[in-house]
Amino acid sequence: MRLSHGFVRGEALSCIYHGWSYARSGNCLRIPAHPGLTPPETIRVGTHAVEESDGVIWVAVGVPTAQPPRLEGVVPLRSLTAHTGVAAVEAAAGAKAGAVGLVWQAQDAQQIRLLLAPQGDEQTLIHVLLDHNSSLSQRIGASRAVERLRRAAEDLQTKGIAP
Amino acid sequence: MKLYDYVLSPSCYKVRLMAALAGVKLETRPVDFHPGAEHRGTELLALNPAGSIPILEDGDLILTESAAMLAYLAARAAPEWLGSGAPEEAARIQQWLSFAHRLTASLGGARLHEMLQRPGDIGALQAQGIAALRELEAGLVEQRLRGMRFLASDQPTVADIACFPYVALAPDGGIPLDPYPAIRLWSRAIRGLDNFIEMPGIHRLHELKPEPHVEPGEV
Amino acid sequence: MMQDAMIDEWYPVGLFSQLDVKGRKTALMGEPIEVALDAERRARVTCGDGRTLPVCVRYGHVWSSLGKPQKDLFAIPEADQPGRRLVDVGAIRVRCSPLRAVENFLDIAHFPFVHTDILGAEPHTEVQDYKVEIRQKEDEVWATQVKFYQPKAAKSASGGITTEYMYRVPAPTCSVLYKTCPPRPGEWDVITLFVQPLAEDLCDVWPWMALFDDVTPMTDLIHFQQTIFLQDRSILENQIPRLLPLDPGMEIPTRADLTSVAYRRWLKRHNYTYGAQLVAQ
């Protein structure tokens, strides 16, 4: 059972199945079936280093060697999942992703920054960021534009013409 | 008011949930949908020739469409759930009430196939379900940009109740909700409403209760 | 897979009351089968390869086997006790190992979190010590003196009570639960979980009950049990790994899990491995 099905109370994350709860450092705090038992140190879940920076949550695989890159002047808009690899999203956007993502020049002349996180099994999580001065209608326009971009990327994948 | 009800039906749950939120007490008449197929028996076909449930009976009034039941419960006891009447909001409510039929056909079809072995093209049902969830997600993202937490306004309306059950139960049909952060926030907002009730497949939000302190052997 | 000792066991393949001459297509351990009534209104099960499979009708269900069952279907003497209501709950399909479905049925520690305010509720989460044994003569797993506080133990329950349970595993994919019977102290309600293995990671679960309850309408009894099982279903479909590990590995059992530990040991001893994995992951 993944802990993502569970619940957070205070600083503890609990499993939905039997309610075992875990602290920030991954050690088990409580086994509800045995309220008198102090869970042994050996019961723990894996943890990852996490940073929140410029409205984006960054997770490190392994020990991070640097702080997350700064994303000056942009604000997060939304996150969406495409049923394609990163390459098809890059092909549809006509740009390659670097350390601070990909800058996509959308049709309506807006610049949209995309952070691409491959999810394995041919899926890509796309985080969309916009200029922090953008208006409500520009934000709604950008949200619709990335829907079109996702469709284009998935079409490329379906037709087998993604790189 | 009497609801012909099946505990595992998301459409029946819409009505139970709306009644709970609006503070209406319903008399429920359980229907043996599975395994008994009682909804296709003579007694229920006399009430609803389409052979579907829920059916809501109030005196002479017999309703067989869940959206109509939501509107009726709200109009009777909690008119704020029908929205403010502002043109854009009224249109959005109608938009999502109609959209809810697509959720029933796709997500509901996938769930019936995966859970109760009803016939269907599961690949197509799941693909249509994902398309509908993406549309809902996009709609909710735009609403949040407008500063609104729910489908038609910043307050929940009958449109939210019409869409919520099949969406929340999408995983029963093999369709995960992990890719939809706006849907998950919206679902959480609905589950956190006062007088919210669950149905099987929608777990309690245990985070709303404090961590219990109990001494061993107290039980 | 055909070497698995489970091949010679009986499995539920349908409700007898729902059979007709047209038949019902289903599967058993990866093989397509068809369950139908013959001209004499007897249940008949045929395999995709044309073989007629062994059949018995018991506890409301039709039972069959791909192999040669060495013994009769296990006995539930209470099923024939006068005054009990027999409840056919119907099949629920679950994308999980048939063995995981049984193991979850044997577990009580999840009640407060999964069956909240029905079979359990915080803060009453403690699982007190109980007795577990593999009974050699019957060759069954038994857990007895299992006690748990339940806010609404049965459809007929009007308030919270400490319920006593006995669990019994008489066959690799079947479990029988004996539970405090609120209207009739001294007797046990019988609630079973009969699991039809469709594949190693897919099953139809047929709950069935034999209750002392003259008051509750039949449909309410069915809906109560379907509610409980549907709360379990989303848990079962998300368990990792999908197959039941029979060797100690990543999972850490506590005293509350002794029934599960005995069940896994018993499965391994008998080479009942359809839906199991032997190597820990």
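Predicted model: local features only at pLDDT ≥ 70, side-chain atom pairs only at ≥ 80, totals over all residues.
Chain B is divided into two domains, with domain 1 covering residues 2-80 and domain 2 covering residues 83-191. The C-alpha centres of these two domains of chain B are 20 Å apart. Twelve residues of domain 1 of chain B are in contact with twelve residues of domain 2 of chain B. On the domain 1 side of this contact, helix H1 (10-22) and helix H3 (66-77) of chain B each contribute at least two residues. The largest share of that side, six residues, comes from H1(B).

In an unreviewed entry, UniProt gives "domain: GST N-terminal" for residues 1-81 of chain B.

Helix H4 of chain B runs over residues 87-116 and has 30 residues. The distance from the first C-alpha of H4(B) to its last is 41 Å, close to the 44 Å expected at 1.5 Å a residue. H4(B) has a kink of about 30 degrees, and the kink is centred on B:Gly108. Just after H4(B) comes B:Gln117, which takes a positive phi of about 55 degrees. B:Gln117 has this positive phi although it is not a glycine. B:Gln117 sits in the loop between H4 and helix H5 (122-145) of chain B. There are 16 other C-beta atoms within 10 Å of B:Gln117, so the residue is classed as partly exposed.

A positive phi is also found in chain C. C:Tyr59 is not a glycine, yet has a positive phi of about 55 degrees. C:Tyr59 is located in the loop between strand E6 (55-58) and strand E7 (61-64) of chain C. C:Tyr59 counts as buried because it has 22 C-beta neighbours inside 10 Å, and the cut-off for a buried residue is 20 or more.

Cis peptide bonds are described next, beginning with chain B. The peptide bond from B:His34 to B:Pro35 is cis, and its omega is near 10 degrees. B:Pro35 belongs to the loop between strand E2 (27-30) and helix H2 (42-47) of chain B. In chain C, a cis peptide bond with omega of about -5 degrees joins C:Ile240 and C:Pro241. C:Pro241 is in the loop between H3 and strand E16 (244-245) of chain C.

C:Phe224 is found in helix H3 of chain C. With 22 other C-beta atoms within 10 Å, C:Phe224 is buried. Along the chain, C:Phe224 and C:Ile92 are 132 residues apart, while their C-alpha atoms are separated by 14 Å.

The largest nonpolar core has 149 residues. The members that touch the most other members are B:Met18, B:Val158, B:Ala162, B:Cys163, B:Val167, C:Ala101 and C:Val205. Helix H6 (residues 158-168) of chain B gives the largest share of this core, nine residues. Leaving aside neighbours within four places in sequence, B:Val158 is in contact with B:Met18, B:Leu70, B:Ala71, B:Ala74, B:Trp81, B:Leu82, B:Ile93 and B:Leu97. Another core, of 20 residues, lies apart from the largest one, and its members include A:Val74, A:Ile112, A:Ile126 and A:Leu130.

Notes: Residues numbered from 1 in each chain as written. Chains lettered and ligands numbered in written order. Core = buried A, V, L, I, M, F, W, Y, C linked by C-beta atoms within 7 Å. Buried ≥ 20, exposed ≤ 12 C-beta atoms within 10 Å, placed from the backbone. Helix = DSSP H or I, 4+ residues; strand = E, 2+ residues; numbered from the N terminus. Contact = placed C-beta atoms within 7 Å. Expected span 1.5 Å × (residues − 1). Bend = angle between axes of the 7 residues up to and from the residue. Domains from an automatic or database assignment. UniProt positions renumbered as here; feature names shortened; annotations may be inferred.
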